[in-house]
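Thanks for coming, everyone. Let me put the structure up, and then I'll walk you through it.

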Amino acid sequence: TLFSWKTPASPHLVSRWENAPVSDEEVVSKLSAVLRDIDNTKNNDADNNLETASVATIIESAGGVLSPSSSSPLNKTTTADHWAWSTQADLYAPLRIPVVFVGDGKLGGISVTLSSLEALWTRGYRIDAAVFIEGESDADNNEYDSIQFGKGNAEALREYMSMRHQIDPSKEVYDELLRDDNAIVCLPPLPPMPIPLDEWYRSNEGSFLRLHQLLDKKWIG
């Protein structure tokens with residue numbers, strides 16, 4: 001975690017409430033410095049450890065694609081009425097980093113998933129993989145327990161990209177997730193709290209391994 005506040009609320013609000021602004025430039029600058037340090041460490045260790053040279057760094061954003069970042073009077077669109085903020089997608093766009101997108105595996109999640117992906121594509125992001133986790137079934141509605149909404153949402157994403165590609169073949173952004181069957185992953189529901197995730201990870205080791213191999217090929221070569 002690069003920045004945090006005491007109040008559990010959206011960064012664009014809590015940074016104002018606590019008078020602790022963090023500008024977009026500060027976030028990008030600090031993140032870039034951390035990534036450089038990681039790269040330097042990996043490069044120094046690579047001579048003695050071949051496995052270290054192939055380690056990828058994952059950046060987890062704070063919330064969804066269009067969730068607010070922290071606000072600051074130093075941000076470009078600040079007015080006399082309020083400090084400005086950027087969405088997560090706009091904040092990290094200058095870094096040109098590839099994305100592993102976590103889709104919505106619940107009923108109603110198709111629109112959220114497609115809207116979020118379109119927001120990323122229009123900002124120039126490359127989506128290398130999409131992961132869905134099945135939503136928990138409704139205990140009061142056994143009629144739908146057998147429906148795998150996450151799997152259905154993943155298939156809807158494939159169909160959407162195929163249709164969009166047919167409409168506009170020149171848009172290569174839709175091809176990235178269609179080139180490899182392992183680029184779209186659907187995982188079973190997480191166990192209820194407080195059950196540890198160890199067994200869940202072990203039972204899905206094959207899916208994680210295939211995803212890791214795909215990203216290793218794209219990111220490290």
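**Burial, fold, pocket and backbone**

Of the 221 residues in the chain, 33% count as buried. Buried means under 20% relative accessible area, exposed means over 50%, and partly exposed lies in between, with a 1.4 Å probe and protein chains only.

A word on the source. This is a predicted model, where local features need pLDDT of at least 70 and side-chain atom pairs count only at pLDDT 80 or more, while totals for chains, interfaces and linings use all residues. Residues are numbered from 1 along each chain as its sequence is written, and side-chain values use heavy atoms, leaving out hydrogens and water.

Now the fold. The chain has 8 helices and 3 strands. These are DSSP runs, numbered from the N terminus: helices are H or I with at least four residues, strands are E with at least two. From the N terminus, the order is α-α-α-α-β-α-β-α-β-α-α. The C-alpha trace spans about 50 × 50 × 45 Å along its principal axes.

Next, the largest pocket. Its space is about 1,600 Å³. A pocket here is an open set of points on a 1 Å grid over the protein atoms alone, where a 1.4 Å probe fits, with protein on both sides within 12 Å along at least five of seven lines; lining residues have an atom within 4 Å of a point. The volume is the space filled by probe spheres set on the points, which are joined across faces, edges and corners.

What lines this pocket? There are 43 lining residues, and I58, I59, E60, V99 and V100 lie nearest the centre. Elements giving two or more residues to the lining include α2 (24-46), β1 (99-102) and α8 (205-219). The largest share, 6 residues, comes from α8.

Stay with I58. This residue sits in the loop between α3 (50-53) and α4. Is I58 buried or exposed? I58 is exposed, at a relative accessible area of 60%. From I58 to T79 is 21 residues in sequence and 34 Å in space, C-alpha to C-alpha.

Last, the backbone. Most residues other than glycine have a negative phi, and most peptide bonds are trans. Where is N19? In the loop between α1 (11-17) and α2. Phi of N19 is positive, near 50°. R96 lies in the loop between α4 and β1, and its phi is near 55°. M193 and P194 are joined by a cis peptide bond, with omega about 5°. P194 belongs to the loop between β3 and α7 (198-203).
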